[in-house]
Amino acid sequence: MHKEKNCIKIAGVIGDPIAHTRSPLIHQYWIKKNNINCFYVPLNVKLEELEKKIKYIKELDFRGLNITIPHKENILKYCDDILEPVKVIGAANTLYFNNGNIIADNTDAYGFYNLLIKNFPNYNFKKETVLIFGAGGAARAVSYVFLKNGVSEIRIINRNFKKAIKIKEDLDKKIIVYEWSNYKNALKNVSTVVNSTSLGNYGSEKFNIDLGGVKDNSIAIDLIYNPLRTSFLSQAIKYNMRVVNGLDMLIYQAKKGFQNWFGCKPSYTSELKEIIEKSIIK
Ligand code: NAP
């Protein structure tokens with residue numbers, strides 16, 4: 001498919017809106033560091049234009065594509081192959097173009113796993129009782145990571161109870177599901193809490209649930225990274241929890257895609273992290 005050996009490569013991200021995405025910052029950084037002859041372009045694609053635009057992208061011989069809201073599920077009908085994480089999560093965030101075929105991947109589970117290990121190198125899944133707030137695509141990715149690594153106990157709480165039950169049915173019957181109003185019981189003796197709702201995202205309603213009841217020295221992870229100090233993490237700090245925002249997950253989920261597109265291993269560096277932090281509205 002990539003006819004000329006030294007021709008300029010193209011990769012990008014599609015979504016609507018697209019201006020907020022940090023993906024170009026990350027990929028352009030690695031493109032430069034690895035001396036790759038490539039343009040990484042953010043493209044605003046409306047829902048109704050998806051079919052037409054994905055056809056152009058294929059014809060233009062893109063190396064790869066990141067997918068953001070609102071296309072993460074709709075894109076699947078234009079893909080020739082769906083990798084295992086996409087089947088579990090039900091959505092794609094990364095595409096690979098291979099000999100005219102489009103392969104759908106979801107690198108959020110990879111991103112979350114690496115966030116966890118980077119920040120808590122001695123994390124022992126088998127001793128952890130975990131509570132996940134949310135039951136969307138990101139909650140599925142996070143649940144998948146905990147289950148795959150043999151977590152001791154996993155609980156999910158979501159505003160829409162049925163969506164949480166669906167994760168239990170799809171992923172593992174051992175998941176314990178709580179009604180949103182029953183958060184006090186859900187938090188009892190928990191050692192890791194993850195916010196995978198959009199509560200606390202820049203411009204969204206704040207996360208204002210009291211996290212009392214968690215074990216001493218517990219971990220709080222917010223998948224949100226804008227703002228850097230989220231309302232969920234502010235709640236966690238009240239209970240002396242060890243806190244991490246979603247920036248590392250963002251970088252690691254990008255890393256896996258880049259690696260597959262260009263066949264080289266980009267580095268996670270503190271310089272890259274600082275570049276993204278500086279771009280985030282305080
Ligand atoms: P999604 O599928 O749209 O799910 C959104 C979740 O937020 C649902 O559980 C929804 O509950 C909940 N929610 C929304 N508004 C709420 C409210 N007012 N009260 C209570 N719950 C509410 O989105 P997603 O893809 O899973 O993403 C979730 C979050 O993770 C987003 O903030 C996203 O930015 C972040 N994320 C970060 C990374 C990263 O790399 N750091 C990667 C993926 C996602 P209902 O089901 O009841 O509607």
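A residue counts as buried when its relative accessible area is under 20%, as exposed when over 50%, and as partly exposed in between (1.4 Å probe, protein chains only). With that in hand, helix H1 (residues 23-33) has Ser-23, Pro-24, Ile-26, His-27, Tyr-29, Trp-30 and Ile-31 buried. Helices (H or I, at least four residues) and strands (E, at least two) are DSSP runs, numbered from the N terminus. The cover over the buried residues of H1 includes strands S1 (9-15), S2 (38-44) and S3 (64-67), along with H9 and helix H10 (270-279). Just past H1, Asn-35 has a positive phi of about 50°.

All of this comes from a predicted model, where local features need pLDDT of at least 70 and side-chain atom pairs count only at pLDDT 80 or more, while totals for chains, interfaces and linings use all residues. Residues are numbered from 1 along each chain as its sequence is written, and side-chain values use heavy atoms, with hydrogens and water left out.

Zooming out, the protein splits into domain 1 (9-106 + 251-279) and domain 2 (110-245), with bounds from an automatic or database domain assignment. Domain 1 puts 11 residues into the contact and domain 2 puts in 13, contact meaning heavy atoms within 4.5 Å. About 1,100 Å² is buried between the two, 68% of it from carbon and sulfur atoms; buried area is the accessible area (1.4 Å probe) that two parts lose on being put together, summed over both. On the domain 1 side, Val-88, Ile-89 and Tyr-252 lose the most area, together 48% of what that side buries.

What about charge pairs? A salt bridge is a side-chain nitrogen of Lys or Arg within 4 Å of a carboxyl oxygen of Asp or Glu. Lys-46 sits in the loop between S2 and helix H2 (50-59) and Asp-16 in the loop between S1 and H1, so the pair ties together parts that are 30 residues apart in sequence.

Arg-155 also has a partner, Glu-153, with the closest N and O atoms 2.8 Å apart. Arg-155 counts as buried because its relative accessibility is 8%, whereas Glu-153, at 25%, is partly exposed. In helix H6 (residues 161-171), Asp-170 and Lys-166 lie 4 residues apart, about one turn of the helix, and their closest N and O atoms are 2.9 Å apart in a salt bridge. Arg-140 joins Lys-166 and Asp-170 in a network of salt bridges.
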